[in-house]
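Trainee: I am new to this structure. Please pick one part and take me through it closely.

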Amino acid sequence: MNAECGSTIRVRIAPSPTGNCHVGTARTALYNMLYARKFGGKFILRIDDTDQSRSTRESEEGVLEGLRWLGIQWDEGPDIGGPYGPYRQMERAHTYGDAAARLMAEGKAYRCYCTPEELEAERREALAAGKPPRYYGKCRNLAAEERAELEAEGRKHVIRMRVPDKILTFVDLLRGHQQKDMGERGDFVIVKSDGSPVYNFATVVDEHYMDMTHVFRAVEHLTNTFDQLAVYEAMGWDPPQFGHLTLMLNPDRTKISKRAGAVYIGEFRDMGYLPEALVNFLALLGWNPGTDQEIFSMDELVGAFSVDTLSRSDAVFDIKKLDWFNGVYIRSLTPENLAARVRPFMEKAGYVIGDQEFLERAVALVTDRLGKLTEAPDMLGFLFVDQVDLARESFGGKAKFTSADIVRALTACEGALSGLAQWTHEEIEAALRGLSKSLGWKVGDLLMQVRVAITGRRVTPPLFESLVLLGRAKSLARIARAIAALEE
RNA sequence: GCUCCCAUGGUCUAGCGGCCUAGGACAUCGCCCUUUCAAGGCGGUAACACGGGUUCGAAUCCCGUUGGGAGCGCCA
């Protein structure tokens, strides 16, 4: 039943269980969910596992995990059930069998005994003759005796649709009127020789029995739609409305692939991206709100979503823009929240995070500097180790400052800092600034020496805050150690 | 080969016949801020694929060309 009839909108995502959640799948799922939420409909997750060789329960879980991490929630699915179950194609096998049997009984489908080799030969001949490579109907009108004979030979058969010689049309929600002359289309297989349904057939049966009203999927399915329409027509069912979404592309404008970078949701998680950033980025890759707003929470996306502003041309996946979104979202996080997200990355890098509050104070120093969570261990590591590696070059400016210069400066700093009444940002800053003046050093130059002494590097979180966090004892010990190292 | 889809800066896009000397964002460049690096602020460079029409007027409509993509499977 279509939406025009007033019934509830039902949309779906139907991934095949490939083990990982592909970004393309994720974006399509997102759009479908947004559409359902926007119009008070239901968003269904169905597992398209008719290709048994590639399907396992673990490979299904990988897909669900990716979607869940992104915050994509379904109203019905294999994990939570629902009134239209089961939600795995293999568990609905009988429905395809019944549908195929009906088409056979009505003469709208027939058994084909051609072997893959014979079909391959036919295809090659057609191509060589400049004709379209398709099935030319060898088994279309087999007599009963011929069939019996072939079966006696022990031949297996598939079931093919008797494709009508007519023009099929539909109105695509994004691209308008579409049509195709099916006279050019050979009879296609709907049931494989092992009895399992082919995608184009199973999907129609599922869409029908699950009462889908709208099908939003990638453009690669646009041409398939006509085959599916033929099935709907043969079954006497009303098709849902279709909308064919754009593809995501590699920087070289080929279809997005592993080769050019990350494509699985889990990879983005491991690279330190925030799910809300990825969702925001994906949403804007192929859709626009019609305004200049760039940052959207999931709720805002629901509110702003519209089929009219879904784009029709493919979009390059620009990781630089994702990075920007990620930074924006990181900066919007509270220290507590950021710390919770950073923690696993710190631990994975081998740092032992004892005190939660300390971690929170640490991440607060780098909130503005963090592009990805994976950068945190590198930036904050010095706060979680006993001592840091020092390299003479890091202190810098060999021509400008000799090691002796630096030793003198650091010694002065050590003296000034050890004499502070309180180990606070204000006192430390006042002491060091005062020292730079009396020593005749530029503030930046002097602070750089302290910076390197306590962190081992030249690019770090703000110095005064870092010293406060490190504590007086550790800070002074590191300065002393740096002096000793430079004196060697 | 056949069928179909798409076409605004490097990237994502706004634009749906005059409001366009084409707007926003990312990236990039410069300046400011500044204890490093960021973040932030300000400013700059940069696009209507090409050729025909239609029209008083075209980025916007039509046709063709080119380019890119998809499909033509017992993959989904």
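Mentor: What follows is about the protein surface around RNA strand B and some of the elements linked with it.

The model is predicted: local features need pLDDT of at least 70, side-chain atom pairs count only at pLDDT 80 or more, and totals for chains, interfaces and linings use all residues. Residues are numbered from 1 along each chain as its sequence is written, chains are lettered from A and ligands numbered from 1 in the order in which they are written, and side-chain values use heavy atoms, with hydrogens and water left out.

Start with the surface as a whole. RNA strand B is surrounded by 65 residues, and the closest are Arg 175, Asn 288, Asp 368, Arg 369 and Arg 451; a residue is near the strand if one of its heavy atoms lies within 4 Å of it. Of the RNA atoms that come within 4 Å of the protein, 71% belong to sugar and phosphate. Sorted by class, the surface has 24 nonpolar, 15 polar and 26 charged residues. Here Ala, Val, Leu, Ile, Met, Phe, Trp, Tyr, Cys and Pro count as nonpolar, Asp, Glu, Lys and Arg as charged, and the others, Gly among them, as polar.

A phosphate oxygen is 2.6 Å from an N or O atom in the side chain of Arg 433. A sugar or linking oxygen is 3.4 Å from a polar backbone atom of Glu 220, and a base nitrogen is 3.4 Å from a polar backbone atom of Cys 114. The elements that give two or more residues to this surface are E4, strand E6 (176-181), strand E11 (315-316), helix H11 (319-331), H18 and H19. Helices (H or I, at least four residues) and strands (E, at least two) are DSSP runs, numbered from the N terminus. H18 supplies the largest share, five residues.

Thr 460 sits in the loop between helix H18 (443-455) and helix H19 (463-470). Its relative accessible area is 14%, so Thr 460 is buried (under 20%; exposed is over 50%, partly exposed in between, with a 1.4 Å probe and protein chains only). The side chain of Thr 460 makes a polar contact of 2.7 Å with the side chain of Arg 451. Such a contact is a pair of N or O atoms within 3.5 Å; within protein, one must be able to donate a hydrogen and the other to accept it, and residues adjacent in sequence count only if both atoms are side-chain atoms.

Now E4. Strand E4 (residues 158-161) pairs with E3 in the antiparallel sense over four bridges; two strands pair if DSSP finds at least two bridges between them. Cys 112 stands opposite Val 158 in E4. Three strands form an open antiparallel sheet in the order E3-E4-E7. Strand E3 (109-112) and strand E7 (189-191) each have a single partner strand, so one side of each is left without a neighbour in the sheet.

Last, E6. Strand E5 (residues 167-172) pairs with E6 in the antiparallel sense over six bridges, and a hairpin of three residues joins E5 to E6. Within this pair, Thr 169 stands opposite Gln 179 in E6.
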